[in-house]
Amino acid sequence: MDYDPISVALKFGFLAVLYLFLLWVARGALKDVRRTAMPASDATGFHQVAAVAPQPAPDVWLVADRGGGLEPGERFDLIGGLSIGRSADADVRIDDRYASGVHARIFSRDGRTYIEDMNSTNGTQLNDATLSGEAELIDGDVVRIGDTELRFEAQA
Amino acid sequence: MSARNRELTALVPVALLLTAGFAAVFAQEGARIDDASLVYGAYFLAVCLAAHIYLRVRLPDADPYLFPLVALLTAFGLVMIYRIDPDLARDQANWFVLGLVLFALTIQFLRDYDVLERYRYTIAVVGLLLLLAPRLPGIGQQVNGAFLGVKIGPLAFQPAEFSKICLVVFLASYLREHREVLIVGARRVLGVTLPPLKHFGPMLVVWGASMFMLVFIRDLGSSLMFFAAFLALLYVATGRFSFVAIGMAMFLVGAWFFASTVPHVHDRVEIWLDPYAHPKGSGYQILQSIFAQADGGLFGKGFGQALITIPGTDNALLPAAQTDTIYSLIVNELGLFGACGVVMIYLLIAARGFKIALIAGDGFSKLLATGLTAVFSIQAFVIIGGVTRVIPLTGVTLPFISYGGSSIVANFVLLALLLLVSDRARREAGAEARLGGLALEGR
């Protein structure tokens, strides 16, 4: 069998270019993997639904602390969940220029209560930390939207 | 570098590879290195550039690597098919262009791909009808014992290629809506988490559909491909490994039962288990495929060097070289390194696809990207696994490389959907990052 030098050169050239190209693409992919690997914990909301039997739900309220045109001490029953925002459609209507129409919602799942930011423009602060996605609420948590503060209360 | 400039840069080495491949094939065929390889390379680059410019206008934020990787697969296919038969390569090039046209049309008309969710039952029915079509009298065609093709007048195609997209779209939208009930309603029985019976129905339907394909269409490969993609989606949607294990057990039991009762499936499995029983008969194709790969060695024999027909005759040494065993031909000519290169292209496409699913914002986009990527990668696995005798050899095409219009066109539609999801996901992720950056600066 004769080996044509041109054809051998082309074969190795082809393999070399192929691998360099794949390496370049893989490098970009690896960089992305490192970037997305970190904060994905609640980015998806997948796998978060716990399959425990529903426990008897405790009584839960949202209590107005200050701002938002609400009477301090005003209590909102959280059974079934509610929405907070500036629009007339929101269950808890707050008069706050930093609040979005439907700013956040509170809902219960398996006897626990969660708050979720509804992609609001200025974000929701939960105990002075910016809320991303959803988080569980526990007794005494303070939710701040703009200048409005609300306190979460739970009684077993 | 912006995403589209990255894509443009990546297309250059791809066109270079195609040119080098054609040049090598020409050099082998009577040592006439003329300008033809350059012309083909330039033509290929021009077609890719047209698609690239379209993407630049329509999907500026879409994943930059997917299209060049797919173009590279197509380049592999064109060179190899040209080397087998120049006429087939001309057909394949036409299919490539037609595929790109459909790719562009999909992007044009499905920009708001949420529409797919609304028509999911229609899409599911269309998918099932497509699967059934090869068995319908008058239009169905039987190829090597399996009912794969449909012929309506002059138009012949393999409906399974299109129906895989329909089924993935349906499953993604169905699971998006029902995943919570599947998880919450789950019960533990004897330490195994079982899905709720009420929502188990669709699972049984999909299982039934893939068993049906085994029996009536006799298409082992597509059956495996569909069911594996379904399990991948189910796992991503629910996060329950037990569901996947149950599904696998159901598939294995069903496959075992039909492998022992349906003659065609039985034969395929027998050949797989012992190809040496009839080396010149039923085991010929798989044995020649393995010999060809072994013969390639580390670096292969070079482009155009593989023997496809027995010298002096028209008898095939490597049967179905342009479709089923094209991977073996690549391994024979480019060796283990070339083979790893091809497998790596598929792996990188899978990685890009799953990354799109990771960054996508809503459940449907996530599941759609996962399902499309899964069905594509599993298809590559089924045929590469087939010719390397990891699993029984079936008539599934090697996506974008094998000769075949349906395969190329359907996979370009699949790619278009992936890029649509990618464009929206990356645009939203980018906007979020910019907003986050501004908010931090303001503090």
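## A tour of salt bridges and a cavity

Start by selecting Arg105(A), which is partly exposed with a relative accessible area of 32%; buried means under 20%, exposed over 50%, and partly exposed in between (1.4 Å probe, protein chains only). This is a predicted model, in which local features need pLDDT of at least 70 and side-chain atom pairs count only at pLDDT 80 or more, while totals for chains, interfaces and linings use all residues. Residues are numbered from 1 along each chain as its sequence is written, chains are lettered from A and ligands numbered from 1 in the order in which they are written, and side-chain values use heavy atoms, with hydrogens and water left out.

Arg105(A) and Glu116(A) form a salt bridge, with their closest N and O atoms 2.9 Å apart; the term covers a side-chain nitrogen of Lys or Arg within 4 Å of a carboxyl oxygen of Asp or Glu. Arg105(A) sits in strand β5 (residues 104-109) of chain A and Glu116(A) in strand β6 (residues 112-117), eleven residues apart. Helices (H or I, at least four residues) and strands (E, at least two) are DSSP runs, numbered from the N terminus.

Next, move to chain B and pick Arg352(B) with Asp63(B), a salt bridge at 3.0 Å, N to O. Arg352(B) lies in helix α13 (residues 326-359) and Asp63(B) in the loop between α2 (36-58) and α3 (66-84), so the pair ties together parts that are 289 residues apart in sequence. Both Arg352(B) and Asp63(B) are buried.

Stay in chain B and select Lys164(B) and Glu161(B), whose salt bridge has its closest N and O atoms 3.2 Å apart. The two are three residues apart in helix α7 (residues 159-184), separated by about one helical turn. Lys164(B) is buried at 0% relative accessibility, and Glu161(B) is buried too, at 6%.

For a network, go back to chain A: Asp65(A), Arg75(A), Arg151(A) and Glu153(A) are joined by salt bridges that share partners. Over all chains, the salt bridges number 19.

Finish at the largest cavity, with a volume of about 90 Å³. A cavity is a set of points, on a 1 Å grid over the protein atoms alone, where a 1.4 Å probe fits but cannot get out; lining residues have an atom within 4 Å of a point. Eleven residues line the largest cavity, and the closest to its centre are Gln158(B), Ala160(B), Glu161(B), Asp219(B) and Ser222(B). The elements giving two or more residues to this lining are α7 and α9 (220-238) of chain B.

Technical notes. On a 1 Å grid over the protein atoms alone, a cavity is a set of points where a 1.4 Å probe fits but cannot get out, and a pocket is an open set with protein on both sides within 12 Å along at least five of seven lines; lining residues have an atom within 4 Å of a point. Grid points are joined across faces, edges and corners, and a volume is the space filled by probe spheres set on the points.
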